[in-house]
Amino acid sequence: MGKINWGGVVLGGLVAGVVLNVIDFLVYGVWLAQDLAAAMQALGKPPVGGSAIGLFVVLDFLYGVGLVWLYAAIRPRFGPGPKTAVLAGLALWVFIGLLQALSQAPMGFMPQRVMMIGVIVALINLPLAGAVGAYFYKEA
């Protein structure tokens, strides 16, 4: 087994982060903007903006780097290519998409519709970002 190419992880991760940020902007900043504003108002909180959005942007880049790192880590066992990258995206989806939503759903912070859309979008965008980010990852 070769060593992980950390430069490739960062490069691919940043590219994956761009994919995640674009999709998240379109979904949460455009499509679900009114739903999220209403949910925040129902909680007695101000609309999401400013530093919170900055945090979400940074988190998407960190998710991207983690996603490509996971791809690089499982690549020797599952082989290089988009199939393995999608598998890494699906694994990450289970931990940061599905399980997170399942743990928060009983508390009722967000409307079920918004939570379900988020879970479904993550099911698509994490494997997609993994495939795009993995394209830029090469073994050292």
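**Helix packing, question by question**

Reader: At what angle do α1 and α5 pack?
Author: Here the axes are lines fitted to C-alpha atoms, for helices over the stretch in contact, and angles run from 0 to 180 degrees between N-to-C directions. The axes of α1 and α5 lie 8 Å apart. The angle at which α1 and α5 pack is about 155°.

Reader: Which atoms do the side-chain values use?
Author: This is a predicted model, where local features need pLDDT of at least 70, side-chain atom pairs count only at pLDDT 80 or more, and totals for chains, interfaces and linings use all residues. Residues are numbered from 1 along each chain as its sequence is written, and with hydrogens and water left out, side-chain values use heavy atoms.

Reader: Are α1 and α5 roughly parallel or antiparallel to each other?
Author: Angles under 35 degrees count as roughly parallel, over 145 as roughly antiparallel, 65 to 115 as roughly perpendicular and the rest as oblique. The angle for α1 and α5 is about 155°. So the two helices are roughly antiparallel.

Reader: Is the crossing of α1 and α5 left-handed or right-handed?
Author: A crossing is left-handed if the near helix is turned anticlockwise from the far one by less than a right angle, and right-handed if clockwise. For α1 and α5, the crossing is right-handed.

Reader: How many residues in the contact of α1 with α5 are nonpolar?
Author: Contact means heavy atoms within 4.5 Å. Residues of α1 including G12, V15, L20 and W31 meet residues of α5, among them I117, V121, N125 and V132. Ala, Val, Leu, Ile, Met, Phe, Trp, Tyr, Cys and Pro count as nonpolar, Asp, Glu, Lys and Arg as charged, and the others, Gly among them, as polar. Four residues of the α1 and α5 contact are polar and one is charged, while the nonpolar ones number 14.

Reader: Then α4 and α5: how many charged residues does their contact have?
Author: The axes of α4 (residues 82–104) and α5 (residues 112–135) come within 8 Å and cross at roughly 155°, which makes α4 roughly antiparallel to α5. That contact is made by residues including L90, W93 and I96 of α4 and M115, L123 and A131 of α5. By class, there are 16 nonpolar and four polar residues, and the charged count is none: no charged residues.

Reader: How is N125 placed, buried or exposed?
Author: Buried means under 20% relative accessible area, exposed over 50%, and partly exposed in between (1.4 Å probe, protein chains only). N125 lies in helix α5 and touches L20, I23 and D24, not counting residues up to four places away in sequence. Because its relative accessible area is 5%, N125 is buried.

Reader: How many residues does the largest nonpolar core have?
Author: A nonpolar core is a set of buried Ala, Val, Leu, Ile, Met, Phe, Trp, Tyr and Cys residues joined through side-chain atoms within 4.5 Å. In the largest one, the residues with the most contacts inside it are L67, Y71, A88, W93, L126, A129 and Y137. Two or more residues come from each of α1 (6–31), α3 (51–78), α4 and α5.

Reader: How far are the C-alpha atoms of R113 and D35 separated?
Author: R113 is in helix α5 and is partly exposed, at 46% relative accessible area. Beyond its neighbours within four places in sequence, R113 is in contact with L32 and D35. R113 and D35 are 78 residues apart along the chain, and their C-alpha atoms are separated by 9.2 Å.

Reader: Where does M107 lie?
Author: M107 is partly exposed, with a relative accessible area of 48%. Its C-alpha atom is separated from that of I23 by 26 Å. The place of M107 is the loop between α4 and α5.

Methods: Helices (H or I, at least four residues) and strands (E, at least two) are DSSP runs, numbered from the N terminus.
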